[in-house]
Amino acid sequence: MLIRTIQHLIEAGLVHDATALDAVAHKYAIGITPAVAALIDPADPDDPIARQFVPDVAELVTTPDERADPIGDLAHSPVEGIVHRYPDRVLLKAVHVCPVYCRFCFRREMVGPHGLGTLTPAQLDAALAYIAARPEIWEVILTGGDPLVLSPRRLREIGERLARIEHVKIVRFHTRVPVLEPERVDMAMVEALKASGKTTYLAVHANHPREISDAARRALARLADGGIALISQSVLLRGVNDNVETLASLMKAFVENRVKPYYLHHPDLAPGTSHFRLSIEEGQALVSALRGRISGLAQPTYILDIPGGHGKAQIGASTISVGDGCFTVRDWQGVDHPYPPST
Ligand code: SF4
C-alpha cells in the first residue's frame, strides 16, 4: 500500500505518536512506497530510512536562513518547466510528483499533490520550443519531481520529441525510482528512457546503503544492461549518513552496481529541514576521511548549491596550498608534502 496520510502511517506501525503531525502533513506531502516501508525497522527510533520519509514535528521549525526556493530555480525559469542556469544545459521539469516525499526535499514547496503539478501539453510544447531555439543547449536534464513517475508511453513521447532537436546530445534523468520503486523499471521503461536516441544518463538518488536492496540492484542492472550510463547523487544528512562508515558503504554499493558516484550534496536551506543539516566543516571532514578509505572510483564530489540560484560550487577541503614559491600538497593520511619535492 502506498502511504500518503498520517492515518496510513499509524496503520503501518510507522508512527506511534501522531501529535502535531497533522500540521506537518498540512504543509508538506507524505509518500512512502511499499519498498521503502519494507526497509524501515519500526522498532528503531533512529532508523535512517524512516528519518528520510516519516514526517517529524521538527519540520514545523523554519529558521531565518531557510527559503521556499533554496537553489533559486525560479530566478532562472524563462518558461514554465525550464530552468536555464548554465549556458549548455537546462532542467526540464515535466512533472512535480514523486513516488516518495523526502523530508529534506529542496523542492518541497513545489512538489506533491498541492505542488506545481504536471506540465500541460501547451506548456510542454513551449518548453521544448525553448530548447529547440537555442543551439547552445547540449544537455537536457529531466527532473522535477521524479520523471520516472511518468508512464513509459509519456517518457517515450518526450524522448522522441527531444530526438528531433539535433543540438541536444545528452539526455539525463534524475530519479529515486530504481531504488525506491524498483518494480517500475521494467524493459518498457528502459526502452522509453532511450527513446531520444541520444546518449542517456540516469542519476540515481540514494542516501543510505540499505536503500540498495536486492530489488534495487536488479533494477539498476536492467538499466546498465540496457545501455544507460548510471551516476549517483546523495544528500549528506544528519542522522542518515553523517558518518564515514555509512558513506563508504553507500558509495561502494553504487560502484558495485555500475553507478559512478557523482554528487554528495550539502543539504539545501529548504524550509523545516534544519534538523538534517551538518556544518560544512563536518561535511569536509567526512569527505576527507573517505579519500583514504575507499577507491578513487567511489569518491563523490562534495557540492553546495549556492542559495539564490548562483549554481553549484565544490566545497571539499582543499588538498593544495601555495606559498614561498612552492605548493604544499596533503596526502590521504593528512600529511603535508612540498611540491616540487625539496630533495
Ligand atoms: S524524490 Fe527528489 S524531488 Fe521528490 S521529494 Fe525526494 S528530493 Fe524532492
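Is Arg258 buried, partly exposed or exposed? With a relative accessible area of 46%, Arg258 is partly exposed, where buried means under 20% relative accessible area, exposed means over 50% and partly exposed lies in between, all with a 1.4 Å probe and protein chains only. The model is predicted, so that local features need pLDDT of at least 70 and side-chain atom pairs count only at pLDDT 80 or more, while totals for chains, interfaces and linings use all residues. Residues are numbered from 1 along each chain as its sequence is written, and side-chain values use heavy atoms, with hydrogens and water left out.

Arg258, although not a glycine, has a positive phi of about 65 degrees, and Arg258 is found in the loop between helix H10 (244-256) and S7; helices (H or I, at least four residues) and strands (E, at least two) are DSSP runs numbered from the N terminus. Asp324 is likewise a residue other than glycine with a positive phi, here near 50 degrees, and the place of Asp324 is in the loop between strand S10 (320-323) and strand S11 (326-330). Asp324 counts as exposed because its relative accessibility is 86%.

Gly145 leads on to the ligand, which is surrounded by Cys98, Val100, Tyr101, Cys102, Cys105, Gly145, Arg176 and His205, a residue being near a molecule or strand if one of its heavy atoms lies within 4 Å of it. The residues of this shell divide into five nonpolar, two polar and one charged, where Ala, Val, Leu, Ile, Met, Phe, Trp, Tyr, Cys and Pro count as nonpolar, Asp, Glu, Lys and Arg as charged, and the others, Gly among them, as polar. Of the shell cysteines, Cys102 counts as buried because its relative accessibility is 12%, and Cys105 is buried with a relative accessible area of 14%. A search of the whole structure finds zero disulfides, a disulfide being a pair of cysteine sulfur atoms within 2.5 Å.

How many aromatic pairs does the structure hold? The structure holds two, where rings of Phe, Tyr and Trp (its six-membered ring) pair if their centres lie within 6.5 Å, and planes under 30 degrees apart count as stacked, over 60 as edge-to-face and the rest as tilted. Phe104 and Phe276 form an edge-to-face pair, 5.7 Å centre to centre and with 80 degrees between the planes. Phe104 lies in the loop between strand S2 (89-93) and helix H5 (121-132) and Phe276 in the loop between strand S7 (259-265) and helix H11 (280-293), so the pair ties together parts that are 172 residues apart in sequence. Both Phe104 and Phe276 are buried. The rings of Tyr262 and Tyr263 are stacked, because their centres are 3.9 Å apart and their planes are at 15 degrees. Tyr262 counts as partly exposed at 26% relative accessibility, whereas Tyr263 is buried at 16%.
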